[in-house]
Amino acid sequence: MDKEIKILAISGSLRQNSSNKALMNAIIGLAKENVKFTIYGGLGDLPHFNQDIDAVEEPVPVRELRTHIKDADGVLICTPEYGNGVPGVLKNALDWLVSSGEFMNKPTAVISASPSPMGGDKANASLLLTLKMINADIVERGTLIIPHITLKLNKEGIITDPELKQELLSVLQTLEHACHQGETI
């Protein structure tokens, strides 16, 4: 049996009925048995980033986020695009991680999905810039931009587009492979 792989899944949306949350859950449903996901639901609990606060005492929600990332073998981020960029709550979370080092060489896959024909391409590009700056290991072939997500994922969160399903399986496999590469021998 394959070694268990722990992946932290983060949705960049706080909306309960977010298509990116539904997409994230659909991806989790495609994973092999040995791939265990933890869904991070604390974006809305994080205080606004303030380095002065962090220098005095690490806020509990920030510590929890950092621990989740540290304990994971890899990270999957599914995000919408707001105002041509990364949603503020996701950017805020990443700001708390800039100097703490948890993302250092952490295998990471990034997916943006939007009902628009652009698929959240600007959020994806901006997110990749931030993740590379904090030394996340962006998995080769581990990024995906999905336009017209509402035509490819039904209201029950089931992927209805066979091509998208294959693309998501490919992203998942590359992330899993990258997590295996990080094993100590």
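## Strands E4 and E5

Strand E4 (residues 107–113) and strand E5 (residues 137–146) pair in the parallel sense over six bridges; two strands count as paired if DSSP finds at least two bridges between them. Strands (E, at least two residues) and helices (H or I, at least four) are DSSP runs, numbered from the N terminus. Opposite Ala113 stands Ile146 in E5.

This is a predicted model, in which local features need pLDDT of at least 70, side-chain atom pairs count only at pLDDT 80 or more, and totals for chains, interfaces and linings use all residues. Residues are numbered from 1 along each chain as its sequence is written, and side-chain values use heavy atoms, with hydrogens and water left out.

Together with helix H5 (residues 121–133), E4 and E5 make a right-handed β-α-β unit. A crossover is right-handed if, with the strands pointing away from the viewer, the path from the first strand over the helix to the second runs clockwise.

## The sheet

Five strands form an open sheet in the order E2-E1-E3-E4-E5, with parallel pairing. E2 and E5 are the edge strands, each pairing on one side only. From one strand to the next, the twist averages 20°. E1 and E3 pair in the parallel sense over five bridges, and the bridge partner of Ile7 in E3 is Gly74.

## Helices on the sheet

Helix H3 (residues 60–71) lies across E1 and E2, running at about 165° to E2. H5 packs on the sheet and touches E3, E4 and E5, its direction making about 160° with that of E4. Contact means heavy atoms within 4.5 Å. Axes are lines fitted to C-alpha atoms, for helices over the stretch in contact, and angles run from 0 to 180 degrees between N-to-C directions.

The axes of helix H4 (residues 88–95) and H5 come within 11 Å and cross at roughly 10°. H4 is therefore roughly parallel to H5, a description that applies to angles under 35 degrees. Leu90, Lys91 and Leu94 in H4 meet Leu127, Thr130 and Leu131 in H5.

## Nonpolar cores

A nonpolar core is a set of buried Ala, Val, Leu, Ile, Met, Phe, Trp, Tyr and Cys residues joined through side-chain atoms within 4.5 Å. Buried means under 20% relative accessible area, exposed over 50%, and partly exposed in between (1.4 Å probe, protein chains only). The largest core has 30 residues, of which Leu23, Ile27, Phe37, Leu76, Ile111, Ile146 and Leu168 touch the most other members. Elements giving two or more residues to this core are strand E1 (5–11), helix H1 (19–30), strand E2 (35–40), strand E3 (74–79), E4, E5 and helix H6 (162–181). H6 gives the most, with eight residues.

Apart from its neighbours within four places in sequence, Leu23 is in contact with Ile111, Ala113, Ile146, Ile149, Leu153 and Leu168. A second, separate core of 25 residues includes Ile77, Trp96, Leu127 and Ala136.

## Residues with positive phi

Most residues other than glycine have a negative phi. Arg141, in strand E5, has a positive phi near 60°. With a relative accessible area of 58%, Arg141 is exposed.

His148 also has a positive phi, near 50°, and lies in the loop between E5 and H6. Its relative accessible area of 32% makes His148 partly exposed.

Technical notes: Parallel < 35°, antiparallel > 145°, perpendicular 65-115°, else oblique.
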